[in-house]
Amino acid sequence: MNSDLKEFNSAAAFLIDMTKCTGCRGCQVACKQWNQLKGEKTRFFNGEGYQNPPSMSEYTFTRIKFRDYQKNGQNEFAFYKEMCMHCNEPACASVCPVGAFKKTKEGPVVYDAKRCIGCRFCMVACPFGVPKYEWSKAFPLVRKCTGCYSRIREGLKPACATACPSAITYGPRAEMLKEAERRIAARPERYLKKIYGKEEAGGTSVIYLTALPFDELGFKQVTKRSLPSYTWQALRLVPGIFLTVGGSLSLLSWFTHRKERLKKEEEQRQASSHKAKEENQ
Amino acid sequence: MTAARLIINEIKGYHRFLKFLMVLVGLGALASLVRFIFGLGVTTNLNDTYPWGLWISFDVVTAVPLAAGAFTLGAITHCFHIKKLEPLVRPAIVTGFLGYSLVSVGLLLDLGQPQRCWHTMVFWNPHSPMFEVSMCIMAYTTVLFLEFLSPVCERFGYHLPLRVLRTLEMPLVVAAAAISTLHQSSLGTFFLIAVDKLHSLWYNPLLPLLFWISAIFSGLSIIILEATMTHKWLGQEDESELLETLARIIPWVIGVYILVKAYALFFLSQGPFFDRPGMVALFAVETIAGVFVPFFMFMRKKVRTDNRLRAIAAGLLIFGLVLNRFNVSMYGMIHDGQVYIPSLVETLVTVGIIAAEILFFVLIAKYFPIFEHHPETVDYSIPDHFRKIEKEHGEHGKVGSEA
């Protein structure tokens, strides 16, 4: 567990400083280009704020959410980049019956489309609502941000981190956390004193800094405990329960059947001795 | 040609209700064909906010506990050796076998890649409750199939397989109970991962235990309901006396359920209970009409001995279970304002599956010895063509009867 955490902290992570985000959506475009994702037909002022498309989908792995608010009587903007959080202990990987999800040692959580049976348990399990489904297809698969695993293995940065002019820093998680703390300490008036992703869902490889309260930006309230431990506390009992139930029922039925067999044998013995007596007479 | 005509003639003689069921099953089959041609996205109202809908909530999460009668009754009858309940076992096994086969159909329909369903057997992930449930359901459907083979072999007079099945009977009963305990509870484990999604009226760490206990009483209730109905409409024997015994067991199980649920609610649940009036209403209906009312009904002798009242109490209990499973898997999941209503195709498939369950049950009961299996009236011994047993044991030709 601890060694895992060490590896996790030396693996690469995204530090996304939303106070530095200008809302240019270069990350959104770069992601579409690298992953060769289709453009979505959208309408302006569709739903709250200026964000487009209205949500992440099979064609959109990341997007900038927009929020309009007032501070000291002034209109202000806030932005939030939505993407896969690449958890240290991903819920999607733990619930997938065929193990199609994997946390790589480089950091990203990747998905093996060849294994997937399409049960969509990952979508139910993910606390951040990340995995999306190819609802347009007859035999659909799951789609989600890959953390640009194909680029990272070649020593490149992820597409969104490369395209971003200001807000995304990419590097070992421990360093990113240190950097985030440094920024908060250096300019306490600028930042909210909280690093989202440090402990959420047991720690993620995407961490956020912001000026607005996180829930106001649309961040989900997520438990600090790692998600897989919730189901594992029940699942780890499975072999024990199987043996206990099976064993006790076997014993029970052996006893009850033995009792009956003995009773029957006793009756037969009595009957035959009775018969023998009659014959003797 | 003549075979087809024979079948058609046979079907013509069926009751109108059975023909109606056949139409429903046909419609369901047609709807599932439509689903495979046009895909999940077009034919269902599922989306990224609601990845699981009616098929998971009803065809899987609800149908599995409703088919629990086989393992509970098997264990009660054979392990605790309450032999007089024997006549109820076979109908329960048939219901269970049909239920599980149709659960598998429902699951296959819901998978995005049904042709890869065998992947669960190759790529193991023991940390996944879904893996556990799918393995158990495969194993248990096999067990139920083997148990179901007995009446089939009797019908056709296959004596040798019958002898094998008789020796396997007890191991199968024990395996059935152990496997069922695992997957009934694991269906609850599914939702333990939905930590911040499932409403705290239902989310608690004891969810698997609650699922297992409620499966036991709903399985028994289904047996009561089914036996009452087959007596009334299929002209089968009146099993009131046996059903009374079951009705005496049920309140104990509900009692344990209520205690565990109360403990989980007051000591283990986190988060607010009363933040959403709709959830509170659903919870109130589920617990009052679906648990407490039948609990107090079953406590009264008048209800236990009265055919009608007993069936009503069992029906209420089943209603409570169905609502509970829908609450956990559908209504209780917290969403951002979007509503999910099953599409026509989804509804037709589910209706077809329910109709198929009833239809196949009636047909199997019609052609196979399901109800004639009474220990007092049916000779339990294996008809022995080789006369081996008789030669060796002389007059004790009925050795097989104990197996």
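Modeller: The structure shown is a predicted model. Burial requires a cut-off: a residue is buried when its relative accessible area is under 20%, exposed when over 50%, and partly exposed in between.

Colleague: Is B:Leu85 buried or exposed?

Modeller: B:Leu85 has a relative accessible area of 0%, so the residue is classed as buried. B:Leu85 is located in the loop between helix H5 (69-79) and H6 of chain B.

Colleague: Which residues does B:Leu85 touch, if those up to four places away in sequence are not counted?

Modeller: B:Leu85 touches B:Leu73, B:Ile76, B:Thr77, B:Leu242, B:Thr245 and B:Leu246.

Colleague: Which residues of helix H2 of chain A are buried?

Modeller: In that helix, residues 26-35, the buried residues are A:Cys27, A:Gln28, A:Ala30, A:Cys31, A:Lys32 and A:Asn35. Their cover includes strand E2 (63-71), strand E3 (74-82) and helix H6 (159-163) of chain A.

Colleague: What backbone feature is found just after H2(A)?

Modeller: A:Gln36 takes a positive phi there, of about 50°. A:Ala201 likewise has a positive phi, of about 55°, although it is not a glycine. A:Ala201 is placed in the loop between helix H7 (173-186) and strand E9 (206-209) of chain A, and its relative accessibility of 2% makes it buried.

Colleague: What value does phi take at B:His81?

Modeller: The phi of B:His81 is positive, about 60°, and B:His81 is not a glycine. B:His81 belongs to the loop between H5 and H6 of chain B. With 18% relative accessibility, B:His81 counts as buried.

Colleague: Let us turn to the interface. How is its extent usually expressed?

Modeller: The size of an interface is often given as the accessible area lost when the parts come together. Here the area buried between chain A and chain B is about 4,900 Å², and carbon and sulfur atoms give 65% of that area. In terms of contacts, 59 residues of chain A meet 59 residues of chain B.

Colleague: How many salt bridges are there between chain A and chain B?

Modeller: The count between the two chains is two salt bridges. B:Lys83 forms a salt bridge with A:Glu260, with the closest N and O atoms 3.9 Å apart.

Colleague: Which element supplies the largest share of the lining of the second largest pocket?

Modeller: H15(B) does, with eight residues. The elements that each supply at least two residues include helix H2 (16-38), helix H10 (207-233) and helix H15 (344-367) of chain B. By residue class, the lining divides into 22 nonpolar, six polar and four charged residues.

Colleague: What do the salt bridges within each chain connect?

Modeller: The count over all chains is 17 salt bridges. A:Glu179 is partly exposed at 22% relative accessible area, and A:Arg182 is partly exposed at 49%.

Colleague: Which parts of chain A does the salt bridge between A:Glu199 and A:Lys224 link?

Modeller: In this salt bridge, the closest N and O atoms are 4.0 Å apart. The pair links distant parts of the chain, 25 residues apart: A:Glu199 is in the loop between H7 and E9 of chain A, and A:Lys224 in the loop between E9 and helix H8 (228-235) of chain A.

Colleague: How far apart are the closest N and O atoms of B:Glu154 and B:Arg166?

Modeller: They are 3.2 Å apart, in a salt bridge. B:Glu154 lies in helix H8 and B:Arg166 in helix H9 of chain B, so the pair ties together parts twelve residues apart in sequence. B:Glu154 is partly exposed at 26% relative accessibility, whereas B:Arg166 is buried at 11%.

Notes: Residues numbered from 1 in each chain as written. Chains lettered and ligands numbered in written order. Predicted model: local features only at pLDDT ≥ 70, side-chain atom pairs only at ≥ 80, totals over all residues. Heavy atoms only, no water. Buried < 20%, exposed > 50% of the residue type's maximum accessible area, 1.4 Å probe, protein only. Helix = DSSP H or I, 4+ residues; strand = E, 2+ residues; numbered from the N terminus. Contact = heavy atoms within 4.5 Å. Nonpolar A, V, L, I, M, F, W, Y, C, P; charged D, E, K, R; others polar. Buried area = accessible area lost by both parts, 1.4 Å probe. Salt bridge = Lys/Arg side-chain N within 4 Å of Asp/Glu carboxyl O.
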